[in-house]
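I opened the model and kept notes as I went.

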Amino acid sequence: MRFLWISAVKDLRRLRREPVTLITWIAIPIFLAVILTLVFGPHNSRPTGKLLVADEDGGLGATTLVHALEQSPLSRMVSVEKVDRKEGRRRIESGAASALLIVPTGFTGAFLGNAPVELQLIRNPSQRILPDLIEETLGVLIDGAFYAIGRGAQQSQAQPLIQLKTNVVKQQSEQPSGFAAMLLPGTLFLAVFFVAGALAADVWRERTSGALRRIATTPAAFGAFLGGKLLAAALALGAVGFFGLLLGRLLLDLRIANLPLAVLWISISGSGLFLMVMLLQSAASSERVANMLTNLVLLPLTMLGGGFVPFDWMPQGMARIGRFTPNGWSVVQLQAILSGSAAPLAFGGAALFVAATWIACTRVIRRNIC
Amino acid sequence: MDHDVVRDGVAARRSIGVVPQEIALYEDLSARENLAYWGGAQGLRGAELRGHIQEVLDLVGLLDRAKEPIKQFSGGMKRRLNFASGIVHHPKVLLLDEPTVGVDPQSRVRLLELVREQARAGACVLYTTHYLEEAETLCDRLAIIDHGSIIAQGTLTELRAMLAERDLLLLTGIFQAEAVKSTLAGLDGVEVIHIDESQVSLSVSDASHRLPSIFAAIHSCGEVRGTTLKQPSLESLFIKLTGKELRE
């Protein structure tokens, strides 16, 4: 354990001797966010809204309703995305969508059986026009369906059988105020990837200089050597996260519900990304191949993972894939932490990922490099 | 060492110091920080570590430059620090892989003296080098390795005896290999080690007196353009054993 600390101090000292690099790393996300804001406008609202649909019924009635929404004139301004109730609540609370429509279990049966049923629409309170449009469109569709099946004649004076109940959810944190603030979590992880890539490439410098082989001749455990590198990386990534968020708060009016937790998340999940890149680097047969391999993997991951374009701006399919990439998942969790709806399980998942990649790295480096 | 390197690897490695051919150091750290790191890797801590660092910095003549990042050091200074990093924990066995490659003559002399000091202090030193004169002056026992195999070993005296006090004569020019070989076979005290169309290597007793007869014999089947006469040495032994000049 003692050597782990010695190894970490060594890497941190080396990092401190390159202040320009550190400043550049911290500045990357802010720089990108500001540039994109200048391109798209300072407080540009999103061109389209998002209606999340939690279809708990799964029957014909629900499918028809979703299809009708997608075919309506509303679809030019609002895209529809199917989610489960929990994910929908989380995203609506974090302000990442205009509204959430919950289609309850038994909707189709009730609809076809002429029984009363209630649809629930949860509105994003920070938006006005798009949730209004969604609510009105849904009202029209429900009325249309009500009369279309020919039962309206008998019950036109009575209470409609399908009711739309509208709620306005209390957001735990307000929506980011501008495009740059919305993009910042993604660009923060873009910076994390830059830093992780640079730190992971250090293993090749150490191999070339003979330092790795020399370590192998000492009684020091190789795992401790790598653990020291991991600790140094975690601290560096935490620093990048802290200053990135702080600058985001000051310059871009980014809402941060829990700064320490957000920094901790960037540090832990960033460490996992660092080890992932190091694994790629270590598995390569030469430094050039390692760099090519890293770029080949990182470039699409940063594109998909919300590094350049927020998920809400992406086509649905791409956004769905992007949220499952390691960095995309980290961005989603960071957004949740920033909005105050952190998932504790995410920390456990990230810690497991770090442990698994650390073990893999130790084995691969010992086998391939020493 | 009293430790089995397989069953008790950690303890064995604690007794070993390695000075690799590469400058296995961190350029952006100072000399003292590098030594602290490598000493720490060997298990040294606190006052003991600080004492050892001070001692080896003094030994390699870098005490006054201890706080500078080593990227500002000359090649010779880095080599000395590389050496210091291998001995900071006072190893019982010191493995040196060409520690003088690419250094200036003063640093080379200093490094060789440092190696002798380690041996005098009781360390067992295994020294790998392509500079055979270094091996001649430093080592008690020598082994010549070619293509990964030991082809000769012993003390310097024992190895010289293998040459039977014969000189090594290297001729360069244009030769008809087979004809030269058969011509020289008739000369007393001349042994052909290697022959091709551009070079002839001969092991000759009392070469300076036999040169005229060798030139006369070769005259009809080749043209000599260069001659090198070498006294018995490790290098001539190496050439005799391998039939080739020393290579990387």
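**Entry 1: the parallel sheet of chain B.** This is a predicted model. I looked up the three-stranded sheet of chain B and found it open, with parallel pairing in the order β1-β2-β3. Which strands stand at its edges? They are β1 and β3 of chain B, and each pairs on one side only.

Helix α4 of chain B, residues 75–87, touches β1 and β2 of chain B. Its direction makes about 165° with that of β1(B). α5(B) touches β2 and β3 of chain B, and its direction makes about 150° with that of β3(B).

**Entry 2: around β2(B).** I went through the pairings of this strand. Strand β1 of chain B, residues 16–19, runs parallel to β2(B), with four bridges between them. On the other pairing, β2(B) joins strand β3 of chain B, residues 124–128, through five bridges, again in the parallel sense. I16(B) stands opposite V93(B), and in β3(B) the bridge partner of V93(B) is C124(B).

How is the crossover from β2(B) to β3(B) handed? With helix α5 of chain B, residues 105–120, the two strands make a right-handed β-α-β unit.

Then I sorted the faces of β2(B), residues 93–97. In a regular strand the side chains alternate between the two faces of the sheet. Here L94(B) and L96(B) make up the covered face. V93(B), L95(B) and D97(B) lie on the uncovered one.

**Entry 3: the antiparallel sheet of chain B.** I moved on to the four-stranded sheet. It is open as well, in the order β7-β8-β6-β9 of chain B, and its pairing is antiparallel.

β7(B) and strand β8 of chain B, residues 199–204, run antiparallel and are joined by five bridges. The two form a hairpin with three residues between them. V192(B) stands opposite L202(B), and H194(B) stands opposite S201(B).

Which helices lie across this sheet? Helix α8 of chain B, residues 177–185, lies across β6 (167–175), β7, β8 and β9 of chain B. It runs at about 165° to β7(B). Helix α9 of chain B, residues 207–219, lies across β6, β7, β8 and β9 of chain B too, at about 165° to β9(B).

**Entry 4: helix α4 of chain A.** In α4(A), residues 85–93, the buried residues are G88(A), R90(A), R91(A), I92(A) and E93(A). What do they pack against? Their partners are β1 (49–55), β2 (78–83), β3 (99–103), β4 (117–123) and α14 (326–339) of chain A. Just after α4(A), I found G95(A) with a positive phi of about 80°.

**Entry 5: where chain A meets chain B.** I looked up the contact between the chains. On chain A 16 residues are in contact with 20 residues of chain B. On the chain A side, α1 (2–16) and α9 (211–216) each supply at least two residues. α1(A) gives the largest share, five residues. The chain A side divides into six nonpolar, four polar and six charged residues.

**Entry 6: confidence in chain A.** I finished with pLDDT. Chain A averages 81, and 86% of its residues score at least 70. Among the elements of chain A, helix α11, residues 259–283, has the highest mean, 92. Helix α7 of chain A, residues 152–155, has the lowest, 47.

Two stretches went on my caution list. Over residues 43–47 of chain A the pLDDT stays under 50, and the model has four contacts there beyond four places in sequence. Over residues 172–176 of chain A the pLDDT is below 50, and this stretch has 19 contacts beyond near neighbours in sequence. Where pLDDT is low, the predicted coordinates should not be read in detail.

Terms used. Residues are numbered from 1 along each chain as its sequence is written. Chains are lettered from A and ligands numbered from 1 in the order in which they are written. pLDDT is the predictor's confidence in each residue, from 0 to 100. Two residues are in contact if their C-beta atoms, placed from the backbone, lie within 7 Å. Two strands pair if DSSP finds at least two bridges between them. Axes are lines fitted to C-alpha atoms, for helices over the stretch in contact, and angles run from 0 to 180 degrees between N-to-C directions. Ala, Val, Leu, Ile, Met, Phe, Trp, Tyr, Cys and Pro count as nonpolar, Asp, Glu, Lys and Arg as charged, and the others, Gly among them, as polar. A residue is buried if 20 or more other C-beta atoms lie within 10 Å of its own, exposed if 12 or fewer, and partly exposed in between; C-beta atoms are placed from the backbone. A crossover is right-handed if, with the strands pointing away from the viewer, the path from the first strand over the helix to the second runs clockwise.
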